[in-house]
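I set out to look up the annotated active site and to follow its residues through their surroundings. My notes are below.

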Amino acid sequence: MIIIIDFGSQTTHLIFRRMGEMGVKSTIIDPEDAINQINKLRPKGIILSGGPASVYGKNSPTVDKKIFGLKIPVLGICYGQQLLVHLLGGEVIAAKIKEYGPAFVSTKLKERSRTSSYYGEAKPALFVNIPDKFKVWMSHGDEVIKIPPGFRYLATSENIKAASVGDEKRNIYGVQFHPEVQHTDYGTEILKNFLNICQENPESREINIKDLVNDIKEKVGDKKVVMALSGGTDSFVAAALIARSINRNLIPVYVDSGLMRDDALKNVTQVFPKLFGMKPKVLKVKNVFLKKLKNIIDPEKKRKAIGMLYVRLFEKVAKRQKNVEFLGQGTTYADFIHSKSTKHAALIKSHHNVGGLPKKMKLKLLEPIRYFYTDQVRYIGKKLGLPEEVIYQQPFPGPGFAVRILGKITDKRLNKLKQADGIVMDEIERAGLKNKIFQYFAILTSTKSTAIKGDGRFYGEIVAIRAYTTKDRMTADWAKIPFHVLQHISTRIVNEVPEVSRVVYDITTKPPATMEWE
Ligand code: XMP
């Protein structure tokens, strides 16, 4: 068993997931409770997660220094590395060059010997069976500049000396990058190496559908569930799990807010009845949404207004039926953690179905895939026999086009975005890239620029395109769409969509940039 101490990282739960994938039991605990839990659970290893704080900040989360004297191997990740260095006598400062996104690290002796101390000939146990140079995903503003006594630099990057540090005698290691994220090459191997250091023996485990179904049965009993459908993969998979558990006590509802892509309605009214043998209720409420959003520009206010509207509408449906106690949602872990759902995590944005929900709700939440990531949700969908067109759909956020229209939302601007979005979809699909890119869409930026149209000056809006690859939505790389495809998209948007002066392509990784602009 491995203990993961959570300092509020967006990816703490991913560490937990990786442990599970390697067949190792782990548990996430708060730093304040660490010593107690370690004494109680006697883990074979301890992982300190990342987090949004600075070790030198006031009231930053910390742990009792005693954990380093227990002869249990420790791996600190990002903030975790900084914290262990800080507590053991090293020094951490605000980095001159902050790193967010991809970086290359090297464990080569030559490069490490540039630094004041290096580890000698043998490769550190944390990096055995891994090439000397590899790509990692960073997300930090602070940096270790002095290592504690007994420590060595184990890896460097172009910008920082302490990409990894360690005291191999005491089995205390730190990495500045995130080995748990999909985009770090050899991340799993590094975690595996740490497990070897801990002498933790893996036994393979799979997601068990029966357990998920039984959990729902036990929780819901003979009550009914109003199921929030969006037409997308997550809510289809959640609905399929719930339907398998409680059958006819499921009441599927689709809120037609006018903010979704057109295929959502088709999925709900045509595909869903075929698969589930029941017809969802469709609430036609575009005008209600547009009226509510009319003067809201702040993205967080927008998200909360949308979350509130959805819930009130579901409550209305529930009120008309007997015995309804739950609201079923296809919430996944990415929605959950971005909405500040753990003690030390930062609020990134309020996903409409988590942080955007009203404080007081009449229905209890039923979220069977809350602790899973997109690739796992697809796996569950496959196991449940859902067709590929449903499982491999492009995800679309619940607040829909509202978070892709910066500034005021009007019917006219909604139509403008839908037109630009349709062109992006069209061209990507025509180029045969549909299944190679995780999400692709247009954004109305609400910023104007000058253009020349038909020899005249034209001052119109800039449309941005965002497209990226990821498996789990926690980290993402921008899609390397061939230039000629981008060219087609750009030309068609400036020619076909009214009042557009310019098209730009967003080439920012996540982190730092989130996928949606708002
Ligand atoms: P971000 O922008 O947080 O997006 O990097 C991560 C993934 O979540 C989707 N997304 C949402 N989905 N309600 C949802 O159901 C929301 O409020 C929401 N906000 C973002 C986004 O499209 C991406 O797939």
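For the element names used here, I take helices and strands as DSSP runs numbered from the N terminus, a helix having at least four residues and a strand at least two. The model I am reading is a predicted one.

I began with the record: the unreviewed UniProt entry places the feature "active site" at C78, H178 and E180. These residues span 103 residues in sequence, yet no two of their C-alpha atoms lie more than 11.1 Å apart, so they gather at one spot.

I then looked up where H178 sits, and found it in the loop between β9 (172-175) and α5 (187-198). Is H178 buried or exposed? H178 counts as buried because its relative accessibility is 8%, which is under the 20% cut-off. Leaving aside residues up to four places away in sequence, I listed S9, T11, I77, C78, W137, S139 and T184 as the residues that H178 touches, and C78 in that list is itself one of the annotated positions.

Next I turned to E180, which has its place in the loop between β9 and α5 and is buried, with a relative accessible area of 0%. With which side chain does the side chain of H178 make a polar contact? I found that the partner is the side chain of E180, at 2.8 Å.

I also noted that a polar contact of 2.8 Å joins the side chains of E180 and T11. Setting aside residues up to four places away in sequence, E180 touches T11, L14, I15, R18, I77 and L191; T11 and I77 are also among the residues that H178 touches.

Definitions and conventions
Residues are numbered from 1 along each chain as its sequence is written. This is a predicted model: local features need pLDDT of at least 70, side-chain atom pairs count only at pLDDT 80 or more; totals for chains, interfaces and linings use all residues. Side-chain values use heavy atoms; hydrogens and water are left out. UniProt positions are given in the numbering used here, feature names are shortened, and annotations may be inferred rather than shown by experiment. Buried means under 20% relative accessible area, exposed over 50%, partly exposed in between (1.4 Å probe, protein chains only). Contact means heavy atoms within 4.5 Å. A polar contact is a pair of N or O atoms within 3.5 Å; within protein, one must be able to donate a hydrogen and the other to accept it, and residues adjacent in sequence count only if both atoms are side-chain atoms.
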